[in-house]
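Subject: Handover of a protein structure

Dear colleague,

Please find the sequence and the structure below. My notes on what was found follow directly after them.

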Amino acid sequence: METTLEFRLAAGDTGALGECYREHSSAVRSYLRKLVPPQDVEDVLQVVFTEVWRFRHRFDPGRSLPAWLFGIAHNRAVDHLRARTPTTVPLEAVPDPAGHDGRRDGDELADRDRVLRALAALPQVQRQAIELAYYGDLTQREIAEHLRVPLGTVKARTARGLHRLSALLEAA
């Protein structure tokens, strides 16, 4: 008959549980440190080895004992974390966030939307000149080369477009 730790544990040998603990508790403890808060590791470790003894009849001695132990440890760690009550902090105790707040972001988005709607209302040639200048970061000379039109045409389109854009945004 086999006398390995695995067979002795599955057979219910009480000495096998102590030997299993001595051989594997440090590895299981290290594994649990990755899953549960440090102050709870020892408690969960004890639950793991209690379950090892309680469910020893489910263990197949032909399989890996460490894998079975880590499986139990993982399940007990998850159970432990699920049972914890999340820490809550009163809203009054939370300081205002550093930097700008969400209201400013909302205002910026609203302004951006207004500008985009006003741009869409411009004639296509004026919108194109303005978009290339402001979003494409091109000079008027580069815009003229890109569009293959005279520089004066680009200047006129940009000036008229900006004037009309100003009137549209003022009305909004």
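H146 is exposed, with a relative accessible area of 52%; here buried means under 20% relative accessible area, exposed over 50%, and partly exposed in between, with a 1.4 Å probe and protein chains only. H146 lies in helix 7, which covers residues 140–147. The C-alpha atom of H146 is 60 Å from that of T87, and these two residues are 59 places apart along the chain.

Before you read further, please note that this is a predicted model, in which local features need pLDDT of at least 70 and side-chain atom pairs count only at pLDDT 80 or more, while totals for chains, interfaces and linings use all residues. Residues are numbered from 1 along each chain as its sequence is written, and side-chain values use heavy atoms, with hydrogens and water left out.

The overall picture

The protein has 8 helices and 0 strands; helices (H or I, at least four residues) and strands (E, at least two) are DSSP runs, numbered from the N terminus. Its radius of gyration is 36 Å, whereas a compact globule of 172 residues would have one near 16 Å. That radius is taken over C-alpha atoms, and the globule rule is 2.2 Å times the number of residues to the power 0.38. Along the principal axes, the C-alpha atoms of the protein fill a box of roughly 100 × 45 × 20 Å. Of the 172 residues, 26% count as buried.

UniProt, in an unreviewed entry, places the feature "domain: RNA polymerase sigma-70 region" at residues 21–85. Such positions are given in the numbering used here, feature names are shortened, and annotations may be inferred rather than shown by experiment. Over residues 21–85 the chain is 71% helix and 0% strand, and the end C-alpha atoms are 30 Å apart.

For residues 113–165, UniProt lists "domain: RNA polymerase sigma factor 70 region 4 type", also in an unreviewed entry. Over this stretch the chain is 81% helix and 0% strand, with its end C-alpha atoms 13 Å apart.

Is H24 buried or exposed? H24 counts as buried because its relative accessible area is 14%. This residue is found in helix 2, residues 14–33. Not counting residues up to four places away in sequence, H24 touches L5, F49, L65, P66 and L69.

R76 sits in helix 4, residues 65–83. Its relative accessibility is 18%, so R76 counts as buried. Which residues is R76 in contact with, leaving aside its neighbours within four places in sequence? They are V44, V47, V48 and E51.

V154 belongs to helix 8, which covers residues 151–171. With a relative accessible area of 0%, V154 is buried. Leaving aside neighbours within four places in sequence, V154 is in contact with Q140, I143, A144 and V149. The C-alpha atoms of V154 and E142 are separated by 9.8 Å, and the two residues are 12 places apart along the chain.

Yours sincerely,

A colleague

Methods
Contact = heavy atoms within 4.5 Å.
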